[in-house]
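Welcome, and thanks for taking a look at this one.

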Amino acid sequence: MSDNLRRYRAICNALTQAYPTSPTGNFARHVQTLAALISGIVGSKSTQLPTLATKVPDGTKPESRVKRFARWIDNERLLEEMYFLPYAELLLTHLALETLVLVMDGSVVGRGCAALMIHVIYKGRALPLAWRVRQGPKGHFPEDLHIAMVKLISEVIPEGATVVFLGDGEFDGTALQATLNEAGWSYACRTAQSTVATWEGETFRLDT
């Protein structure tokens, strides 16, 4: 058995086990395509479709695999709630045995876009849990999008888990802080020293 086939089968079995019942029909085919994408990325160490397609053992020509993967990515009916969040929830369930450290940041991605991402930290690595992409250069995302991301992930955080949220100066909005408090999370976010705060009735700049 080739390494590509062994890796693909292991990934496909792992993805299938995350669902309460075995996928069937179109759902099963979509999961198999997802497994092939992941296997190709791992095998080729690339996210370029023509490159990763060479590491997928499905018996078709690489050109056909590229078209198959492109259709899967462009299919608006393949929602994150069905094909990604179940795995994020399973991961968080296991990691929640200790404190969950979540990090939110913005990153430049391909084709002139920027992504707002939230990760969980595990053994020094940032594992992506959810993201939103928009056209344009990297810059601050609106606070309501920060809040929407937090609310999305809070739905898959195990009840009773201890969570710490980290962010830079983009994430110091008071509405976001109120959302984090409501979720019961601790947080540490950078902010400008010129920010004015009030403590026990006294107002002052943070640099004092």
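## Salt bridges

D207 is partly exposed, with a relative accessible area of 37%; here buried means under 20% relative accessible area, exposed over 50% and partly exposed in between (1.4 Å probe, protein chains only). The side chain of D207 meets that of R205 in a salt bridge, at 2.5 Å from N to O. R205 is partly exposed as well, at 39%. The term salt bridge stands for a side-chain nitrogen of Lys or Arg within 4 Å of a carboxyl oxygen of Asp or Glu. Before going on, a word on the source: this is a predicted model, in which local features need pLDDT of at least 70 and side-chain atom pairs count only at pLDDT 80 or more, while totals for chains, interfaces and linings use all residues. Residues are numbered from 1 along each chain as its sequence is written, and side-chain values use heavy atoms, with hydrogens and water left out.

How many salt bridges does a search of the whole structure find? The search finds three. One of them joins R132 and E80, whose closest N and O atoms are 3.1 Å apart. Because R132 lies in strand β3 and E80 in helix α5, this pair ties together parts that are 52 residues apart in sequence. Helices (H or I, at least four residues) and strands (E, at least two) are DSSP runs, numbered from the N terminus. Both partners count as partly exposed, R132 at 31% relative accessibility and E80 at 25%. D3 also forms a salt bridge, with R6, and there the closest N and O atoms are 2.9 Å apart. D3 and R6 are separated by about one helical turn because they are three residues apart in helix α1. D3 is exposed at 56%, whereas R6 is partly exposed at 42%.

## The largest pocket

The largest pocket holds about 2200 Å³ of space. Of its 44 lining residues, I41, W72, I73, F84 and W131 are the closest to the centre. Among the elements that give two or more residues to the lining are α2 (25–44), α4 (62–74), α6 (85–95) and β2 (113–122). The largest share, nine residues, comes from β3.

For the method: on a 1 Å grid over the protein atoms alone, a pocket is an open set of points where a 1.4 Å probe fits, with protein on both sides within 12 Å along at least five of seven lines, and lining residues have an atom within 4 Å of a point. The volume is the space filled by probe spheres set on the points, which are joined across faces, edges and corners.

## A nonpolar surface patch

V109, W131 and V133 form a nonpolar patch on the surface, with about 240 Å² of accessible area together. Patch members have over 30% relative accessible area and no salt bridge, and nonpolar side chains (Val, Leu, Ile, Met, Phe, Trp, Tyr) are joined within 5 Å. Areas come from the Shrake-Rupley method with a 1.4 Å probe. V109 lies in strand β1 (residues 100–109) and is partly exposed at 31%.

## Positive phi

Most residues other than glycine have a negative phi. K123, in the loop between β2 and β3, has a positive phi of about 50 degrees, and K123 is exposed at 71%. E200 has a phi near 50 degrees; E200 lies in the loop between β6 (196–199) and β7 (202–205) and is exposed at 75%.

Terms used: Patches are made of residues with over 30% relative accessible area and no salt bridge: like charges are joined within 9 Å, nonpolar side chains (Val, Leu, Ile, Met, Phe, Trp, Tyr) within 5 Å.
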